[in-house]
Structures are given as C-alpha cells and as structure tokens.
Amino acid sequence: MKKTIFLTIALLTASAATTTADAANPNVMNLKTSITDDAVVFPETFEQDTQKLLEGWFIRNYTATDDSYSSKKDVDTPDEVIKQRLASMPTVIEMPFNSIVRQYIDRYTKNGRPQVAAVLGLSLYYMPIFEQALEERGLPQELKYLPVIESALDPNAVSKHGATGLWQLMLATGKGLGLECNSLVDERRDPYASSEAAADLLKQLFDTYGDWSLAIAAYNCGPSTVNKAIRRAGGDVSKSDFWKIYPYLPEETRGYVPMFIAANYVMTYYPKHNISQVLPTKPLVTDTVGVAERIHFDQIEAVLAIPKEELRILNPQYREDVIPGTPERAYMLVLPSKQIHAYLMSHDQIVGYQADKYRRRTTAQPGKATEEAPLLASEDAIDQDIAEATAPVATTTVSHKVVAGETLSSIADKYGVQPADIRSANNLRRNAVRVGQVLTINNVAPDKAATAREQATANMIAATNAVAETQQQTQAQQKKETPAAAPTKNSKKKETAQNSTKKSTAKASTAKKSKQTVHTIKSGENLGRIAKKYGVTVEAIKKANGMKSDAIRAGAELKIPAKK
C-alpha cells in the first residue's frame with residue numbers, strides 16, 4: 001500500500017514538472033494553433049484607395065470585374081473548415097491556422113472584398129511575372145502572394161517608411177540588390193527587375209534561416225530585428241520558429257506571416273466567400289525594345305497612339321515619363337507585342353516628334369543641342385547583313401529563339417538532338433520553355449543547321465519585303481493626301497533606302513560566305529560593352545547588322561564581325 005501511494009505521488013510530481021516545463025518552453029506546434037493576440041495591427045495596404053485600383057487602366061481595358069461582391073455578404077465559415085482548406089493547399093511553406101490568421105482572413109473576406117476583387121484583376125498581369133522570377137530560382141510559388149500584402153499589386157505604392165514598388169523594397173536594399181534608383185528611373189517600381197531582386201533576397205534569407213516563416217519575417221523587418229528576437233526568446237537560428245519569437249517582434253511584423261497565410265487562403269478560396277472570379281477580356285502580351293536615346297512618353301503616344309496611361313502601367317520605373325537612354329546605355333521599353341514592329345518602323349519619327357521640346361540640352365545656349373538623328377542604313381550595310389544571314393553555319397552549335405507553339409521536344413526534333421542535351425546546355429531544370437527564350441543547341445548535324453538557317457533567312461527576307469511594301473503603301477497614301485511638291489533631300493534619302501532594300505533582297509542568293517559569331521543580348525548590355533568584349537568597334541557591329549541606331553533589346557541576336 002505504501003509502495004502504491006509513493007508511486008502515485010511520484011507520477012503526480014513528474015506530471016506537474018512536465019506541465020511547468022511546457023509553460024516555460026511551449027511546444028512550437030501548440031503555439032502555431034493556440035497563439036492569440038488582441039492587438040493585431042493591419043498594414044498600410046489595407047488602407048489603400050481600392051476604388052482607384054478598380055478604376056485603373058488595366059482593369060478597365062483588360063478585365064471583366066463582377067461587382068456582385070458588393071451586394072453579397074461573406075459566407076459564415078467555421079474555423080475547422082478554414083483549417084482544413086489551409087491544410088489542403090499544395091504549398092511548401094506551412095500554412096497553420098490560429099485566431100490571428102483568422103482575423104486577417106476575415107479582414108479580406110468581409111471589409112476588404114473590393115480590394116480582393118481589384119487584386120484578382122491585377123493578378124492576371126502581374127502573377128506570371130512573379131511566378132517566372134520565383135521558378136527561375138527554385139523558390140516556392142506561394143511567395144507570389146507577398147506583393148498582395150506588401151503593395152496590393154500597386155507598382156507605385158510608397159510606404160510611410162519609403163519602401164517602394166510591388167515588393168516594397170527600401171532604397172538601400174534596392175541599390176544593394178543592383179537596382180537603379182534615381183530621379184528619373186526607379187527599378188523598384190519595375191515589375192520584372194523588382195521581382196528578380198526580391199526573389200534573390202528571399203533566397204538569401206532562406207539560406208540564412210532555413211525556415212520560410214523566419215525568412216518571410218526577415219523580409220519585412222530585416223535580419224537584424226529577427227536575430228534580436230531570436231536572442232530575446234532564448235533560442236538559436238537553427239531551432240527557432242516565427243511563432244516562438246512572435247512576442248519579441250515589432251507589432252507590424254507580428255502580423256506579417258499570418259497575413260501572408262491569409263492572402264494565400266483568400267487568393268485560393270475567394271469563390272467560397274461570394275467573391276466572383278475576374279475574367280480577362282483580351283490577353284495583354286508584351287515585349288521589350290532597347291531605347292538608346294532620350295524619349296518622352298508624349299512622343300510615343302503622339303506617333304503610335306498608345307495611351308500614356310498604358311505606357312505608365314507597363315513601364316512604371318520611369319518616374320517622369322522620360323526614358324533616359326544614351327548610346328552607352330540602352331533602357332528597356334515594354335510595349336504590347338503588336339506595337340513593337342510599329343515602334344521600330346516609326347523610330348525616327350518618334351525621336352523627331354517635337355524634338356526641340358523634349359531633347360535634353362547639351363549646352364547652355366538655347367537651340368544649340370548637338371544631338372543628331374540616326375542615319376539611314378547604307379546599301380553596303382544591308383548587303384552585308386543579308387550576306388552574313390545567308391552564309392552557312394560554320395559550327396555545330398546554334399542559337400534558337402523559342403516561338404509560340406514550340407516545346408523542348410519539338411525543338412530537339414528540329415535539330416536532331418535530345419531534350420536532355422538542350423536542358424544540360426542551358427541549365428534548365430525541366431522541359432518548360434517560354435516564348436522569346438534563346439537556347440543554345442550543341443552537336444547539331446550540318447544538314448539540320450543548314451535547314452534551320454535557310455528558314456531563318458527566308459523569314460528575314462520576307463520581313464524585309466514586308467517593310468519595303470509597307471513603306472511604298474505609306475508613301476502612296478501620303479501622295480494622295482498631300483499636294484505634289486518638289487522632291488526634297490529627305491524624300492530622296494527615303495527612296496534610296498527603299499531601292500537599297502529591294503536591291504539587297506535580290507542579291508541575297510549570291511551573297512558571299514563569311515564566318516560569324518552570334519551574340520545573344522543580355523539585360524543591361526549596350527553596344528559599347530559588347531564591342532569591347534569581342535575586340536571590335538561599335539560601328540563595325542552596327543554595319544554588320546544594318547543598324548540605324550545604337551538601340552538594342554535583351555534576347556535579340558547580334559552578328560559580331562571578325563577582328564581586322
């Protein structure tokens with residue numbers, strides 16, 4: 001009997017000791033589900049002018065928004081249902097449910113219904129950009145919803161602390177990640193550049209902490225603040241968790257991970273809460289072109305009839321509607337794909353439109369600017385361009401630019417190689433390829449390379465003929481609309497250029513064979529840098545490619561002449 005009483009007392013004592021230890025050092029899994037906070041702070045993004053987003057140019061022109069969310073109420077959903085839905089989401093990052101997460105979900109599905117509708121509309125354009133940047137770095141796709149809580153998908157959002165853009169990067173952080181930030185250009189607002197920079201930063205943070213909840217918290221408040229919270233919680237980086245250090249974080253950061261979980265939930269289950277899906281009315285397909293001179297959006301709008309509001313949506317990094325291109329540095333201009341050809345055809349007209357008004361003065365005296373309009377391509381340059389394009393490929397390595405409808409398998413069949421070989425040569429993790437991507441194809445048989453080259457040449461000649469025909473039609477139309485006048489020097493130059501194009505096309509079949517090097521232009525490169533790399537002059541490259549200006553665009557190919 002004494003033995004039994006002693007054992008019972010021992011068990012009760014051990015149980016009490018365990019309970020006391022758990023209270024002092026609570027289990028992380030328990031914290032994730034049981035933690036509470038009566039002083040939840042909602043971020044600035046919840047206070048944005050949602051109506052402005054709903055009436056924005058992109059949503060008005062490219063989406064169909066169902067406003068039934070304003071008349072229908074949120075559906076009462078038990079905690080257990082939300083918990084089950086979060087557990088069912090295919091995510092790498094943990095999505096635990098607790099009362100704090102529930103508060104943020106309710107904020108989105110009840111008071112923030114118009115905001116969810118606006119974000120859903122904008123996500124049609126921005127999400128593919130985020131997904132691409134994350135995929136290229138092997139990061140979880142659910143991180144694409146961070147800009148939802150950071151900026152509500154407004155590329156021009158600026159916080160009270162100065163964080164800017166879709167990903168809300170601070171000035172020092174943006175510059176540290178290689179983004180250009182000055183009075184004319186702020187790449188923190190550039191959807192493409194900022195997404196790549198933010199993905200790089202997130203990868204660095206995860207490599208540091210090995211835990212996505214801590215990495216996301218550090219993205220918001222900085223690693224030093226997270227490290228301080230870890231020390232105050234009495235833990236170390238390798239064993240810590242966001243929920244364990246929650247009480248030691250700044251108020252705004254405490255809600256950051258719960259809000260991230262809520263954004264993932266709402267962007268997945270919004271139909272369950274009577275918020276209708278936003279549908280695209282037409283696709284917005286874009287492309288880029290390099291601009292190597294100073295051009296104002298007003299000039300592009302006047303010549304191509306592209307609304308300035310559209311140019312701002314696609315190019316929010318240009319803070320004053322000015323693209324500050326120079327011969328030494330070409331800046332990228334994003335346009336709807338169907339407008340790229342029109343821009344190239346109308347380049348001189350765009351640069352010349354009210355040039356005195358928009359040209360940057362290079363001297364202190366009015367009217368003494370020294371900038372010159374680019375010269376028309378010479379006949380010899382065009383002949384050389386076609387001669388090099390029709391020359392047989394001298395090596396068994398070729399470059400291939402992916403076009404719509406192509407897959408890695410179809411490209412491999414075209415060149416007689418294996419998809420695995422293309423993946424290896426281009427460091428691809430899977431078989432997915434994107435339109436415009438330039439692939440290096442090794443070990444191509446001579447006959448396969450020649451066939452591909454002939455097709456490319458035929459496409460180029462067809463394009464040249466189309467350009468000439470367009471120019472003739474334009475001139476014919478202008479003659480009908482304007483009275484006859486004596487020929488001017490400019491009209492003679494245009495006629496000479498047209499005749500040169502026709503002559504050069506006729507000479508394509510008899511062009512001389514010549515060896516060449518093909519360079520694929522990378523983002524941020526300019527002609528000066530490329531010329532230095534190959535030990536040739538800028539003029540030699542321009543002549544070899546029949547270029548009228550120094551403008552280049554990322555992804556395009558340049559023929560590099562041999563050193564003399």
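**Entry 1. Helices α10 and α11**

I looked up how α10 and α11 lie, and they are oblique to each other. I note here that the model is predicted. Helix α10 covers residues 191–209 and helix α11 covers residues 212–221. I read an angle of about 130° for their packing, with the axes 8 Å apart. Angles over 145 degrees would count as roughly antiparallel and 65 to 115 as roughly perpendicular, so I wrote down "oblique" for α10 and α11. The crossing of α10 past α11 is right-handed.

Which residues make the contact between the two helices? From α10 I listed Ala198, Leu201, Leu202, Leu205, Phe206 and Tyr209. From α11 I listed Trp212, Leu214, Ala215, Ala218 and Tyr219. I then sorted the residues of this contact by type: eleven are nonpolar, none is polar and none is charged.

**Entry 2. Leu139**

Is Leu139 buried or exposed? Its relative accessible area is 9%, and the cut-off for buried is under 20%, so Leu139 is buried. Leaving out residues up to four places away in sequence, I found that Leu139 touches Leu134, Ala199, Leu202, Lys203 and Trp212. Two of these names were already in my notes: Leu202 of α10 and Trp212 of α11 belong to the contact of Entry 1. I also looked up Leu139 against Phe206: the two are 67 residues apart in sequence, and their C-alpha atoms are 9.6 Å apart in space.

**Entry 3. Strands β3 and β6**

I turned to strand β6, residues 331–336, and found it mostly covered, with six of its six residues buried. Strand β3, residues 286–291, runs antiparallel to β6, and six bridges join the two. What is the bridge partner of Gly290 in β6? I found Met332 there.

**Entry 4. The loop between α17 and β5**

Asp321 is in the loop between α17 (308–314) and β5 (322–324). I read its phi as near 65°, a positive value, and Asp321 is not a glycine. Most residues other than glycine have a negative phi. Asp321 is buried too, at a relative accessible area of 9%.

**Entry 5. Gln354**

I noted a positive phi for Gln354 as well, near 45°. Gln354 lies in the loop between α19 (347–352) and α20 (355–358). Is Gln354 buried, exposed or in between? Exposed would need over 50% and buried under 20%, so Gln354, at 38% relative accessibility, counts as partly exposed.

**Entry 6. The chain as a whole**

I ended with the totals. I recorded 27 helices and ten strands in the protein chain. Of its 564 residues, 44% count as buried. I also looked up the contacts in the chain with a separation of 6 or more, and residues 24 or more positions apart account for 72% of them.

Note on methods
Residues are numbered from 1 along each chain as its sequence is written. This is a predicted model: local features need pLDDT of at least 70, side-chain atom pairs count only at pLDDT 80 or more; totals for chains, interfaces and linings use all residues. Side-chain values use heavy atoms; hydrogens and water are left out. Buried means under 20% relative accessible area, exposed over 50%, partly exposed in between (1.4 Å probe, protein chains only). Helices (H or I, at least four residues) and strands (E, at least two) are DSSP runs, numbered from the N terminus. Two strands pair if DSSP finds at least two bridges between them. Axes are lines fitted to C-alpha atoms, for helices over the stretch in contact, and angles run from 0 to 180 degrees between N-to-C directions. Angles under 35 degrees count as roughly parallel, over 145 as roughly antiparallel, 65 to 115 as roughly perpendicular and the rest as oblique. A crossing is left-handed if the near helix is turned anticlockwise from the far one by less than a right angle, and right-handed if clockwise. Contact means heavy atoms within 4.5 Å. Ala, Val, Leu, Ile, Met, Phe, Trp, Tyr, Cys and Pro count as nonpolar, Asp, Glu, Lys and Arg as charged, and the others, Gly among them, as polar.
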